[in-house]
Amino acid sequence: MTEAVSDVTLAKASPKPNSFWTLALGSIGVVYGDIGTSPLYALKESLTAASAGGALTQEMIFGVLSLMLWTLLIIVTLKYVLLIMRADNHGEGGTLTLMALLQSVMRRRFAAISLLGMAGAALFYGDAIITPAISVLSAVEGLKLVAPGFDPYILPLSMAILVGLFLVQSWGTAAVATWFGPLMLIWFGLMAVAGTANLMDNLHILGAVNPIYGIDFLMHHGHAGLLALGAVFLTVTGAEALYADMGHFGRRPIQVAWLVLVFPALALCYLGQGAMLLSHPERLENPFFLLFPDWALLPMVWIATGATIIASQAVISGAYSLTQQAIQLGLLPRMEIRRTSETEKGQIYIPRANWLLLIAVLYLVFAFKSSSALASAYGISVTGTMVLTSIMAFFVMRKCWHWPAAVATAIIVPFLIIDLIFLMANLLKIVDGGWIPLMIGVGLMGVMVTWRRGSKIVARKTVRDEIDLNDFIASISVSSSISRVRGTAVFLTGNPNSTPTSLMHNLKHNKVLHEKNVILRVATEDVPRVSEDERLSYEPVNDSFAKITIRFGYMETPDVPKALVACRPLGFAFDMMSTSFFLSRRVIRQANPSEMPRWQGLLFVNMAKWSDDASLYFKIPTGRAVEVGMQITV
């Protein structure tokens, strides 16, 4: 296997200058959509929590702003941009990528690493559900400033926008994505200009850069300070996207975009809001939109709505990618995955995931009805994911980078302490809605653990009932009762050394054997994508039998017929019209007694029914697939 930790990026080696800046612009539109819309609500919610319904003071404004600026600097700039993004798996990033990276370099597959990866993925789904709801609501709420009588229409308009957003997912985002970067560039530019204009009216706010204000605020405000700290974390809720989307744009373009544009624009916007609130504390109702003059309010509401749609699109696409990775890594049942672009590998659409996300998002909008109410549910899933990322990054430093334990500990522990402080602050919001992402995370964690455990039981029982392939071939070579038919039969199996059940059943019931028989194994590697020269291995057994292994990365969609075409130079003359694919269709039943608890067994049985057919998942034409049924109890 090639080196698991590499400096590869999407731009590869030395990209052309124009391609580098194109990638940087694209990262502004996709990677920074979530964190770029945080100014709509982050300072408002933080100061509302700090004041606890009382008067807003200068001490509160300076303290909260100081915490926000240093949170951006420490968590985003130092932790993610400069440190975590170095832990790439052939250019890819993300929680499940970290899990695959660690498993690829460890001699044993530690269960703890798998659990950390699954927990991080489960928490990400909570973020993917809340982000579209709170982002679109916060933008549309700006209409109240333009026309107060519009208040009754905010909820239905927000839900209509979200329904439209999820409906167009099947079309793909390739055409729309070309506008994401320029629109977000305008968005960050307007935030910086408005923030600077208000900052110039009261330069005294620049003192908030001093971290002493933040520390003093936390020391003297007790419970309200912790609640405010939980809201301060809204400033960095899109930070995980820096790492998760690294494979789409590359490390350097994302880093440059943050340091040159995004971070300065966010800092100026927050400082501008703080300067305005020093003079006009009554504007806490909506400090972002009140940065702008009255004539610019309506255009800014529409631009903000576009920006929040982009932020939502980014996290929805991330949920698709994460789902695909989880399926390939054996954490979720097979689902239909559609490619929406012939050129962009990351452009995929998963119908089931899309509609489940839409239902969950609409429920949140209907249940909470405002961005302020939803803010209480936001943050726990992100802080939890960041804690898990820090822990896994420590193991990467030790196992992949081979850093001394003392060095890795000295670097990670400060970040981990900060993450844990934010997590504890956000846990105070459990009663007010924070239970929602936790419930989603626990539920999805249970689904992943159940699917992995049940799949292992099924695989073990299947192998137990199979016989050695060499023994089988030797036994049929002396039999004269078996008829030979023209053509090629491909038998899919998880163990190429055992006789596939579909082959045994075909021979038992039909008493025929094809002239050419292929024992095919499809393997998912712990790398995002497998190079074409490592895709296939071909091993002829005799004149009638051969073994083929096709390898895919966990971010690739398996296409078995397309891969088999590449076998021709190796000696296997693949012809679709003369080939039949035999697959075992397992019917799962719960055993009594079962190896799993009753609830887990019932869940696995229903998940197995819900799983897509292997022929559809592996892109095998319906007319060339033969499914042989078998029953297995778990």
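The legends below describe close-up views of a predicted model.

Residues are numbered from 1 along each chain as its sequence is written.

View A. Thr237 counts as buried because its relative accessibility is 1%, where buried means under 20% relative accessible area (1.4 Å probe, protein chains only). A polar atom of the Thr237 side chain lies 3.2 Å from the backbone oxygen of Leu234. Leaving aside residues up to four places away in sequence, Thr237 touches Asp34, Ser38, Tyr41, Asp127, Tyr378 and Val382; contact means heavy atoms within 4.5 Å.

**View B. The largest nonpolar core.** A nonpolar core is a set of buried Ala, Val, Leu, Ile, Met, Phe, Trp, Tyr and Cys residues joined through side-chain atoms within 4.5 Å. The largest one has 180 residues, of which Tyr32, Trp187, Phe188, Trp258 and Leu564 touch the most other members. Helix H6 (residues 111-140) supplies the largest share of this core, 18 residues. Another core, of 13 residues, lies apart from it and includes Ile476, Leu503, Leu513 and Phe582.

**View C. Helix H22 and the residue just after it.** In helix H22 (residues 501-510), the buried residues are Thr501, Ser502, Leu503, Asn506 and Leu507. Just after H22, Lys511 takes a positive phi of about 55°.

Definitions and conventions: This is a predicted model: local features need pLDDT of at least 70, side-chain atom pairs count only at pLDDT 80 or more; totals for chains, interfaces and linings use all residues. Side-chain values use heavy atoms; hydrogens and water are left out. Buried means under 20% relative accessible area, exposed over 50%, partly exposed in between (1.4 Å probe, protein chains only). A polar contact is a pair of N or O atoms within 3.5 Å; within protein, one must be able to donate a hydrogen and the other to accept it, and residues adjacent in sequence count only if both atoms are side-chain atoms. Helices (H or I, at least four residues) and strands (E, at least two) are DSSP runs, numbered from the N terminus.
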